[in-house]
Amino acid sequence: MFKNFAAMTLIAFSLQAEPAQYQETLYPGWGQWFTESEIIFQKKTDFQDLVIFQNPLFGKVLALDGVIQHTQIDEPVYHEMMVHVPLLSHDNPQTVLVIGGGDGGILREVLKHPSIEKAVLVDIDQCVVDLSKEHLPHISKGAFDHPKVHIVIQDASLFVKECKESFDVIICDSTDPIGPGEVLFTSEFYGDCKKLLNKNGIFVNQNGVPFMQQTELALTMNNRKPHFKHVTFYVAPVPTYAGGHMAFGWASDKRYRVAEAVLEERLSKLNADLFYYTPEVHKAAFALPNFMRKQIASFEMEPLAKLSSRSK
Ligand code: SAM
């Protein structure tokens, strides 16, 4: 009798001991997984498979179409570098267009800049915005309801064609170039964004993990170059964007070489305690590792079409 009870308890315990796992599906043959201690929300929206879950190490996690968008613990690295590098480089940024960014992390950081008068966010998916407000308030920290913020739910590639406003900085916080995000990596889209930039305007975009997503550098390099005089990248380590550095695309007509002391002085006006960004890190982020420099150089010599046929 006792033996049966012990066996049943053991089975029950072993069944309890295996929490669900979330497997990211970005790369064939390799990837990262997360324990899902709780699935907070899951939904197939009109555009994407959305899941928000709790992880014991990284806190609340948002994933879209099998790809990690952010985790509570390391999102400040990404959001701070996407926002403060262009906004502190610019002499006096007043208007910002955020492409994608439906979780609100970019808006949160933009609103730390006292010079900002207006920030427009354009995301294709109302659900991402609504569910981020409801389940991830620690990311946006009320930014969606700020009087300086205007939210537009639309495919951004159409929005930038019809928009009559102009902006000092455009920040493209999109998903990867698959599914709804693919159009946001095209030359046409970059050209339309360029038309919306004021003089000395800056365009930055999430540009993937170069060690793993080798053709993504070429893709944006070749598609931004026809529209901007200065096109480059900067990098930062975002632990749950697995595979090494995260790359950020930079594009402008003005060559920005802002002294660290000037960045320091501008940063002091934010009155914000940042997690990752410093003027020193800002400057160092543009020092690219040799494999990336070689990737960029090879693309300049070898057009994308030929390259991507080689990497298949
Ligand atoms: N930081 C994340 C990354 O680097 O992968 C991106 C996060 S953000 C949540 C991505 C947003 O891009 C999503 O909210 C998604 O709805 C939006 N998005 C994807 N395609 C879009 C499009 N064509 N127009 C506007 N927003 C788009």
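This is a predicted model: local features need pLDDT of at least 70, side-chain atom pairs count only at pLDDT 80 or more; totals for chains, interfaces and linings use all residues.
Residues are numbered from 1 along each chain as its sequence is written. Local features need pLDDT of at least 70, side-chain atom pairs count only at pLDDT 80 or more, and totals for chains, interfaces and linings use all residues, while side-chain values use heavy atoms, without hydrogens and water.

**Start with E4.** Select residues 49-55, strand E4. Strands here are DSSP runs (E, at least two residues), and helices are H or I runs of at least four, both numbered from the N terminus. Five of the seven residues in E4 are buried (under 20% relative accessible area, 1.4 Å probe, protein chains only).

Select residues 38-44. E3 runs antiparallel to E4, joined by six bridges; strands count as paired if DSSP finds at least two bridges between them. A hairpin of four residues links the two strands. Pick Glu38 and find its bridge partner, Gln54. Then pick Lys43, opposite Leu50.

**Cross to E5.** Select residues 59-64. Six bridges pair E5 with E4, again antiparallel. Three residues lie between them in this hairpin. Phe53 faces Val61 across the pair.

**Show the whole sheet.** The order is E3-E4-E5-E6, open and antiparallel. E3 and E6 (67-71) are the edges: each has a single partner strand, so one side of each lacks a neighbour in the sheet. The twist averages 20 degrees from one strand to the next.

**Finish on H4.** Select residues 126-135. Helix H4 lies across E3, E4 and E5, at about 160 degrees to E3. Axes are lines fitted to C-alpha atoms, for helices over the stretch in contact, with angles from 0 to 180 degrees between N-to-C directions; contact means heavy atoms within 4.5 Å.

How values were computed. Buried means under 20% relative accessible area, exposed over 50%, partly exposed in between (1.4 Å probe, protein chains only).
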